[in-house]
Amino acid sequence: MSKHVASLDEGTLCTSWNYCATRLASGSTDGTLAVFDAPNPDSSSFTCSHRTKVCDGSIVKMVWVPPEFGDALACVHGDGAFSIWEEVAQDGQSPQWKMCQCFQIKARRALDIQFGISSTSLKLVAAYSDGYVRVYALQNPLELSNWQLQAEFLNVIDSVSKLGKASCLSATISWISQRGNNQLSSFAVGYNSDIAQLNSSKVWEFDQVHQRWLPVAELANPGDTADQVYTIAWAPNFGRPYEIIAIATQKGVALWHVGLEPNVDGRLLVEKVASLSSHEGEASQVWQMEWDMSGMSLATTGSDGQVRLWQSNLNGNWHEAAVFSPTFSS
């Protein structure tokens, strides 16, 4: 049984729930950001509480800032720039959304952005259309306008690789879930491009001693490194002696175990433990995945319009638990 939650504006391209699922943001083809709130905490119906013009073009992606840093989100523009917007209230007036900072690099388009919390600060990772990954660090937790570029690198294992000019259609980023203050900062990046070395998903970890980001794992078998990656989802970890990362490529969804301790070469041990059946149709592709809080259930959605729920038993065997098809009402 379907239930009405919110009426989105015509031309809506993307939506995003905040971390507590208490607010919904949408981005439109005309560059308008709309924020939806529920009239009370017990309500499951949301109405638009504010609209703001973000850019002249379209908004293609939105990501909420972690709640520790206030009510704020980042919007990726159709031209590849992205901006951070924060809700502020001054002098007893109604809260308004204001732009904190805009990131724009000539001849580069941001394909994906994600926030992550490290032991020292809030981080923002952006994957660009030329295959480069840029990591920004927030300098003051009270000022979302104060960001500094921490690192820039190609998404390749071998830093001396000679690559041609990349043409990247999309990219995907997923941060490790937070478990404690002593946890190392890590994230995974994959590309959908015409350069084989860029595509495979790599796990990047921050080396505190040398103050740099290093590739510590590649999530692809030797014959699959050129596979174009559509989306990555890093599972929450509550006590497992390994991490679980889901990778969606044109061959379907693969689940990987990633060890917690590096070997003598500084690399983490990885193992592909499951291949989930692809969505229906030869041309169907998985574009989005989400884990539950336990890291034992994975939801995938593909171009076939269906949502599939995958679950693991206590022995680590994965199976399809449910399939949800879209319903349309006139």
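Analyst: A polar contact is a pair of N or O atoms within 3.5 Å; within protein, one must be able to donate a hydrogen and the other to accept it. Keep that cut-off in mind for this predicted model.

User: What makes the link between the side chains of S83 and W85 a polar contact?

Analyst: The distance is 2.8 Å. The cut-off is 3.5 Å, so the S83–W85 pair qualifies.

User: How do you know whether S83 is buried or exposed?

Analyst: Its relative accessible area is 0%. Buried means under 20%, so S83 is buried. S83 sits in strand β7. Beyond its neighbours within four places in sequence, S83 contacts V54, L73, A74, C75, H77, M99, Q101 and C102.

User: Why is the pair D9 and R51 called a salt bridge?

Analyst: Their closest N and O atoms are 2.6 Å apart. The limit is 4 Å between a Lys or Arg side-chain nitrogen and an Asp or Glu carboxyl oxygen, so the D9–R51 pair passes. D9 lies in the segment before β1 and R51 in strand β4, so the bridge ties together parts 42 residues apart in sequence.

User: What makes R108 and E152 a salt bridge?

Analyst: N to O, the gap is 2.5 Å. That is within 4 Å, so the term applies to R108 and E152. R108 is in the loop between β8 and β9, and E152 is in strand β12, so the pair ties together parts 44 residues apart.

User: How do you know that D224 and K251 meet in a salt bridge?

Analyst: Their N to O distance is 2.7 Å. The cut-off is 4 Å, so the D224–K251 pair counts. D224 is in the loop between β16 and β17, K251 in the loop between β18 and β19. K251 has a relative accessible area of 53%. Exposed means over 50%, so K251 is exposed.

User: How many salt bridges does the structure hold, and which residues form a network?

Analyst: There are eleven. Shared partners join R23, D37, D71 and E87 into one network.

User: Which members of the largest nonpolar core touch the most others?

Analyst: F82, F115, L124 and W147, out of 22 residues. Strand β10 gives the most to this core, with four residues. A second, separate core has 21 residues, including V133 and W204.

Key:
Residues numbered from 1 in each chain as written. Predicted model: local features only at pLDDT ≥ 70, side-chain atom pairs only at ≥ 80, totals over all residues. Heavy atoms only, no water. Core = buried A, V, L, I, M, F, W, Y, C linked by side-chain atoms within 4.5 Å. Buried < 20%, exposed > 50% of the residue type's maximum accessible area, 1.4 Å probe, protein only. Helix = DSSP H or I, 4+ residues; strand = E, 2+ residues; numbered from the N terminus. Contact = heavy atoms within 4.5 Å.
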